[in-house]
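Hi everyone, thanks for making the time. Let me put the sequence and the model up on the screen, and then I'll walk you through it.

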Amino acid sequence: MGTENVIFFAVYELKKDLQYTVETYVMDTAGEYEKTNTGKREAYFGENVNVTPETIEEGFYLDTNNSVCTATVKKTNEVVLKIYLARNKYYVAFDGENTEVEESKTGYYYHGSTITAPVDPVVEEYQNFNGWNVVFEDGTSKKVSFPYVV
């Protein structure tokens, strides 16, 4: 031990003292994103960080075109990860069963949108209009009242 050449090597421990930001944006029923949450997290220098939503509510999905879910932290507050949650979009149409229906209500609506019924279709003198049924993709149907949330 005291009779040979030695080299001492420095030992370092990375400090987890750098911060990065996670922002969450949620699409509204008009198709616009609104920031709903911001939080700070800690990381080591050079750490690759990523974020994924813990849960995604029914009717929403992760918008991978706008989201920034991974980055490498080099400086405090330099990295901002962004989660964009988009709404599903549904096609809504009204079928008057051989009667004319107001077409302005037909179109695409975002999940959670509230729609109103079109003007009642004109019916023959021997008919009564009794409202609207919605038919789902699985073939089931039910009578609905308006306003209706898609």
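Let me begin with how surface is counted: accessible areas come from the Shrake-Rupley method with a 1.4 Å probe, and for residues only the protein chains shown count as cover. By that method, the chain has an accessible surface of about 11500 Å², and carbon and sulfur atoms contribute 47% of that.

Two housekeeping sentences before we go on. What you see is a predicted model, in which local features need pLDDT of at least 70 and side-chain atom pairs count only at pLDDT 80 or more, while totals for chains, interfaces and linings use all residues. Residues are numbered from 1 along each chain as its sequence is written, and side-chain values use heavy atoms, with hydrogens and water left out.

So, the overall picture. The chain has 12 strands and zero helices; here strands (E, at least two residues) and helices (H or I, at least four) are DSSP runs, numbered from the N terminus. Along its principal axes, the C-alpha trace spans about 115 × 25 × 20 Å. The radius of gyration is 28 Å, whereas a compact globule of 150 residues would come out near 15 Å. That value is taken over C-alpha atoms, and the globule rule is 2.2 Å times the number of residues to the power 0.38.

How much of the chain is buried? Of its 150 residues, 29% count as buried, where buried means under 20% relative accessible area, exposed over 50%, and partly exposed in between (1.4 Å probe, protein chains only). As for contacts, meaning heavy atoms within 4.5 Å, take those with a separation of 6 or more: 50% of them join residues 24 or more positions apart.

Now let's zoom in on strand 1, residues 18–27, which holds Glu-23. Strand 1 runs antiparallel to strand 2, residues 33–43, with 10 bridges joining them; two strands pair if DSSP finds at least two bridges between them.

Which residue forms a salt bridge with Glu-23? That is Lys-35, with the closest N and O atoms 3.5 Å apart. The pair links Lys-35 in strand 2 to Glu-23 in strand 1, 12 residues apart. A search of the whole structure finds one salt bridge, defined as a side-chain nitrogen of Lys or Arg within 4 Å of a carboxyl oxygen of Asp or Glu. Glu-23 counts as buried because its relative accessible area is 10%, whereas Lys-35, at 42%, counts as partly exposed. Leaving out residues up to four places away in sequence, Glu-23 also touches others, including Val-80, Leu-81, Lys-82 and Ile-83.

Next stop, Pro-53, in the loop between strand 3 (48–50) and strand 4 (60–62). Beyond its neighbours within four places in sequence, Pro-53 contacts Leu-62, Ile-83 and Leu-85. From Pro-53 to Val-135 is 82 residues in sequence and 32 Å in space, C-alpha to C-alpha.

Last, have a look at Leu-14, in the segment before strand 1. Leu-14 is exposed because its relative accessible area is 53%. Together with Tyr-44 and Phe-45, Leu-14 makes a nonpolar surface patch of about 310 Å². Patches are made of residues with over 30% relative accessible area and no salt bridge; like charges are joined within 9 Å, and nonpolar side chains (Val, Leu, Ile, Met, Phe, Trp, Tyr) within 5 Å.

That's my tour, thank you!
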